[in-house]
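Please look over the structure shown here before reading the notes below.

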Amino acid sequence: MLIRPNPKPSESLESYMIRLADLYGYTPKQLIERFHIILDEADQKLAGSLPGHLQQLNVYHANTSSALRIECLELLAEKMCKGRLPIMGMAVFRSPTKYASRHSSLYWQGLDIPRFFVRKDSIPICPKCFQESEKAFVPFYWHLHLVRVCPLHGCKLIAVCPDCSHDLNYIRDSNLSGCSCGKKYRDMPIESASAPFINIANKIQDKKTEDFSDENLLYKLSDPHQIFGAMLWYYSYVPERGSSRCLTDETITGCISFFDQWPKNFNNLMEAKIRTAIMLTDRRFSATSLQSVFGNLLIKSRRLPSKALCFNPVLKAIFAYLDYCIHTEGEQSEIGYVLLNGFEVAAILDADAEQVARLVDEGKLRSAKRLKNDAVFNPKRPLFPLKNVFNIWLSRFQSRLSNRHIYLSRW
Ligand SMILES: [Zn+2]
Ligand SMILES: [Zn+2]
């Protein structure tokens, strides 16, 4: 095979493979069969690590053998064409970056993208892109739930076939022309998109956004990772327990508007949680855990994906709010007495549980309850008053990227 198409900007690997197959008059399945023959000739053990279907081809789909998959794609890249195939630049890999303590992410072209935001079932398309070009392609951005608009045309991406109501998925259907029922992508209806969706899509794709009068945090952030982090935090923390955490037009609109006039809605949410705690708790705050007032707030906000206050606007708002509570004269000042567990102390100090245990051992971090001398430190027990932990942070754990000056100007 001597020729290859040039990859388009931000084109997905799967879209490129479909175009490559088209060029030789193959179906993608036949192209992959051809790959198997090439690999078999070169190295039999590699041939076994290449899946039979385009849907599983990308590197991140390889569960235990992603290194083998890379070896395999590298070999193909060399053997297939005159110049190397640009596979590695287009592939999506697993990333070690964790968001909000437990959300894994994928790496693609300089971005660590939470898996939560990567579509699994349908991949929507822009009909106008397919009208304008005979050889249209699918950018990887369309694989992301948060991208619901084509930034080129400002219209909504279409996720469901208007004729047969099936979810669109060009990879499953192995073609770049239309739905499996025969309806062409270019004939699908064009719907205008709302301004917040246009703004978020532009932001994630590093394109200019319009100026908006309402002060929305997401529009002001320049690093897409901070946008991913803040929106993921919203989905894991804000909706009430039991409510839907699906990524739909409605929930994403709700998520974006939560960040309007930041941190107004966040502060209101914190106040509501304190009011509920005051209403429900028959104990004093000094016998109440931070968890029972705010839930898993600190743990879910610690890595978004940065731990540093200056790169984590949500954590910055939390510090500002807690600082305000501790130093105010109203009933919110009681929050200064709620008890943090070892993991939450570690989150405030940007330390690990071992360092916290050492602070306890050295008597620098005092527990609100008496600990037996020989007791093993259990980081799950809420023992440390917020105010004390905060003062320890102020006195010895501030740093260039995490300090009080970063948020103090707000108050
Ligand atoms: Zn378009
Ligand atoms: Zn259809």
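The buried residues of helix α1 pack against α2, α5 (87–90) and α7 (170–173). A residue is buried if 20 or more other C-beta atoms lie within 10 Å of its own, exposed if 12 or fewer, and partly exposed in between, with C-beta atoms placed from the backbone. Helices (H or I, at least four residues) and strands (E, at least two) are DSSP runs, numbered from the N terminus. The model is predicted: local features need pLDDT of at least 70, side-chain atom pairs count only at pLDDT 80 or more, and totals for chains, interfaces and linings use all residues. Residues are numbered from 1 along each chain as its sequence is written, and chains are lettered from A and ligands numbered from 1 in the order in which they are written.

- Helix α1 is mostly covered, with 9 of its 11 residues buried.
- Those buried residues are L13, E14, S15, Y16, M17, I18, R19, L20 and A21.
- The axes of α1 (residues 13–23) and α2 come within 9 Å and cross at roughly 85 degrees; axes are lines fitted to C-alpha atoms, for helices over the stretch in contact, and angles run from 0 to 180 degrees between N-to-C directions.
- The two helices α1 and α2 are therefore roughly perpendicular to each other. Angles under 35 degrees count as roughly parallel, over 145 as roughly antiparallel, 65 to 115 as roughly perpendicular and the rest as oblique.
- M17, I18, L20 and A21 of α1 meet P28, Q30 and L31 of α2; two residues are in contact if their C-beta atoms, placed from the backbone, lie within 7 Å.
- By class, the residues of this contact of α1 with α2 are 6 nonpolar, 1 polar and no charged. Ala, Val, Leu, Ile, Met, Phe, Trp, Tyr, Cys and Pro count as nonpolar, Asp, Glu, Lys and Arg as charged, and the others, Gly among them, as polar.
- After α1 comes G25, whose phi is positive, near 75 degrees.

**Helices α2 and α4**

- Helix α2 (residues 28–42) and helix α4 (residues 66–80) have axes that come within 10 Å and cross at roughly 100 degrees.
- That angle makes α2 roughly perpendicular to α4.
- On the α2 side the contact is made by F35, I38, L39 and A42, and on the α4 side by C72, L75, L76, K79 and M80.
- The residues of this contact divide into 8 nonpolar, no polar and 1 charged.

**The nonpolar core**

- The largest nonpolar core has 112 residues, of which M17, I125, A230, V345 and V389 touch the most other members. A nonpolar core is a set of buried Ala, Val, Leu, Ile, Met, Phe, Trp, Tyr and Cys residues joined through C-beta atoms within 7 Å.
- Helix α15 (residues 313–327) gives the largest share of this core, 9 residues.
- Not counting residues up to four places away in sequence, M17 touches P28, L31, L54 and L57.

**Domains**

- The protein chain is divided into domain 1 (1–91), domain 2 (93–259) and domain 3 (263–408); these bounds come from an automatic or database domain assignment.
- Taken over C-alpha atoms, the centres of domain 2 and domain 3 are separated by 34 Å.
- In domain 2, 17 residues are in contact with 14 residues of domain 3.
- On the domain 2 side, β1 (93–99) and α10 (224–237) each supply at least two residues, and α10 gives the largest share, 7 residues.
- That side of domain 2 has 9 nonpolar, 6 polar and 2 charged residues.

**Two single residues**

- F258 lies in helix α11 (residues 249–258).
- F258 counts as buried because it has 20 C-beta neighbours inside 10 Å.
- Leaving aside neighbours within four places in sequence, F258 is in contact with Y234, V238 and N265.
- D374 lies in the loop between α17 (353–361) and β5 (384–385).
- D374 has 5 C-beta neighbours inside 10 Å, so D374 counts as exposed.

**The whole chain**

- The secondary structure of the protein chain comes to 19 helices and 5 strands.
- Buried residues make up 37% of its 411 residues.
- Along the principal axes, the C-alpha atoms fill a box of roughly 75 × 50 × 35 Å.
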